[in-house]
Amino acid sequence: MPVSPLNRRAFLQKSAVTGAAVAAAGAVGTGSAEAADAGHRPQKAPRTWSFSILGTTDLHSHVFDWDYYTDATYKDSKGNSVGVARVATLIKQQRAAKGEDRVLLVDAGDIIQGTSLAYYYARVDPITGSDSHKGPKHPMAIAMNAMRYDAAALGNHEFNYGIETLRKFEKQCHFPLLGANALDAKTLRPAFPPYAVKRVRVPGAPDIKVGILGLTNPGIALWDKDNVAGKMAFTGLVEQAKKYVPRLRALGCDVVFLTDHSGLDGSSSYGNELPYVENASNLVAEQVPGIDAILVGHTHTEVSSYTVTNTETGKAVVLSEPYCYGMRLTVFDFELELVHGQWKVTSTKAQTLNSNTVEEDAEITELLKADHDLVVKYVNTPVGTCTADLSAAEACWKDVPVMDFIHQVQMATVATGLSAADAALPLISVAAPFSRTADIPQGDVTIRDVAGLYIYDNTLYGKKLTGAQLKDYLEYAAKYYHQVPSGTKVDTATLTNANNFWDYMYDTAAGVSYDIDIAQAEGSRIKNLTYNGAAVTPDQVFVVAVNNYRANGGSGYPHIASADIAYSSTNEIRQLMIDYVTSKGTLDPADFAAANWKLTQDGTAVF
């Protein structure tokens, strides 16, 4: 992008060296740039300097401002735009205004999963290739290499497609994927680089050494247990930061910057299933001395700037989480002073920039358009027809047929793989309404119609729960609703997501019938729990069809993680749903729709 006249003078003054140097192996300057600008160097070594670190997170393979599920430009109620192509424009603007040599670029993880494009290059035409096919380069590697990222933290979703796919992506990247707490299960040493050290060139003065420490989420041990068990172990962020921050300082780093795939409120969605906190970035800032700033990811929220005081030093640590999918770019601005030959940080500030204020970068568009077009063609492939419109708009408070479609596929698949003894047990299913905007239309059904209903790459389990455990499970799910006393009108706009319990965390069940009495307190809401018309007994044993995320402890449901396994498969539920439509030819809700649960207030149906 051309430099504006307003910024040209600053740009020339600040661009004594191009590129913000490299990792610990050694900084690389550009001699030609130094020679060209030699006449503009200050006579005395500068006593102050400034530079910026730009940050993204949770890009989830959004390359353009496009929604593959709706086959249209991305749209939300707040007018956001998505995609790295727009972020690339913001980055070029920052580099032009501040100088190429004064800008580093970092990501906080969740790069290679989340859209149909991500799925395509993991499963349809995988980057891992085959015996007869080399495999393509991942579009996100192409984009991020062109954007000149300096480092990225591993996100939990990096492990969704297995370690082989992640390692292939790592090889395709021109920047390190960092994970100080992602350990080899046998040696307990980091399986990925824990940190990188970059150098910011300062003409006539020592380089500014910037240590970038990457930390991922310990929840991976649960959420992707099938992919990592016995291969990798994941420890706490605070524990590993205490180990590596002093090491970076000992290496002479003037600035220590963390990129954490972990939120900043100290919460965990998995309860006490793990000894490590899921969203621990605030705890890292508070408990580990020597940190200047933290780029935060994982929670898909926007926190432009948040300051935490370190309890040991009293120093303020600045944290920022840009909004996901490339909607925002965080800008950390650092000011430093040279004191006795060493750079000291005197100011750290953070803000977020909105990508809807710029157009998509032409270079990134040219690089990725062919890949994008290929995926658009793929998701619009017809797989069958549907006899009625199946909408998920009311799935969070009503038993709707489109959810029964998921349950039907899960139960039918698990039933085919049970032992004779387990096949004699009652079989039920649990599943969450992932998207309120999902809709399978009447008429032709395409891959994107089904994929829009089941947006995650979950695989399928069958686990055994007793009747008492099942009731506990459903009571836990029912905390999703705010309590609404009898006689009070129920407003669906404010009914759900109590306790920060999001839609993807809320499981409904099929195969059993029950009421959820939202007039009652949490823990006492499940009423009339029956199977085939008879009350479920506490010692009755069920096989429960459930996705791997939940089966391994995701969202903290009771009993399910430790329950006996009756069935497991590496087949993704979304693909099973697509295969179901393809094999049937016609999707007919008459084959599976059954209203088996409802909301009540003191026994009176709400809807």
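I kept in mind throughout that the model is predicted.

**Entry 1: cavities**

I started with empty space. Rolling a probe the size of a water molecule over the atoms shows where such space is left. My search of the whole structure turned up one cavity of 30 Å³ or more. The largest cavity holds about 70 Å³ of space.

Next I asked which residues line the largest cavity. I found Y69, T115, S116, Y119, Y378, I447, A451, R574, Q575 and I578. By type, the lining splits into six nonpolar residues, three polar and one charged.

I then checked which helices the lining draws on. At least two lining residues come from each of α4 (116–124), α14 (447–451) and α18 (573–584). The top contributor is α18, which supplies three residues.

**Entry 2: cysteines**

How many disulfides does a search of the whole structure find? I got zero. For C386, which is in no disulfide, I looked up the nearest cysteine sulfur: that of C396 is 20 Å away. A disulfide needs the two sulfur atoms within 2.5 Å.

Is C386 buried or exposed? C386 is buried, because its relative accessible area is 4% and the limit for buried is under 20%. I looked at C253 too, and at 2% relative accessibility C253 also counts as buried.

**Entry 3: nonpolar cores**

In soluble globular proteins, nonpolar side chains tend to be buried together, so I went looking for such groups here. The largest nonpolar core has 93 residues. Within this core, M147, F159 and F405 have the most contacts. Helix α12 (residues 401–415) is its biggest contributor, giving seven residues.

I took a closer look at F405. Leaving aside residues up to four places away in sequence, F405 touches I440, V450, L453, M577, Y580, V581, L587 and F592.

There is also a second, separate core of 37 residues. Among its members I noted V430, Y481, V484 and Y514.

**Entry 4: positive phi angles**

I went through some backbone angles next. L188 is not a glycine, yet its phi is positive, at about 60 degrees. I placed L188 in the loop between β7 (182–184) and β8 (195–200). L188 counts as exposed because its relative accessible area is 53%, and exposed means over 50%.

H298 was my next stop. Its phi is near 95 degrees, again a positive value in a residue other than glycine. Where does H298 lie? I found H298 in the loop between β12 (293–296) and β13 (303–309). H298 counts as buried, since its relative accessibility is 13%.

**Entry 5: helix α5**

I listed the buried ones as P139, M140, A141, A143, M144 and N145.

What covers the buried residues of α5? I noted that the cover includes the helices α3 (84–98), α4, α6 (163–172) and α11 (362–379), along with the strand β4 (103–107). Helix α4 also turned up in Entry 1, as a supplier of at least two residues to the lining of the largest cavity.

Just after α5 I came to R148, which takes a positive phi of about 65 degrees.

How values were computed: Residues are numbered from 1 along each chain as its sequence is written. This is a predicted model: local features need pLDDT of at least 70, side-chain atom pairs count only at pLDDT 80 or more; totals for chains, interfaces and linings use all residues. Side-chain values use heavy atoms; hydrogens and water are left out. On a 1 Å grid over the protein atoms alone, a cavity is a set of points where a 1.4 Å probe fits but cannot get out, and a pocket is an open set with protein on both sides within 12 Å along at least five of seven lines; lining residues have an atom within 4 Å of a point. Grid points are joined across faces, edges and corners, and a volume is the space filled by probe spheres set on the points. Helices (H or I, at least four residues) and strands (E, at least two) are DSSP runs, numbered from the N terminus. Ala, Val, Leu, Ile, Met, Phe, Trp, Tyr, Cys and Pro count as nonpolar, Asp, Glu, Lys and Arg as charged, and the others, Gly among them, as polar. Buried means under 20% relative accessible area, exposed over 50%, partly exposed in between (1.4 Å probe, protein chains only). A nonpolar core is a set of buried Ala, Val, Leu, Ile, Met, Phe, Trp, Tyr and Cys residues joined through side-chain atoms within 4.5 Å. Contact means heavy atoms within 4.5 Å.
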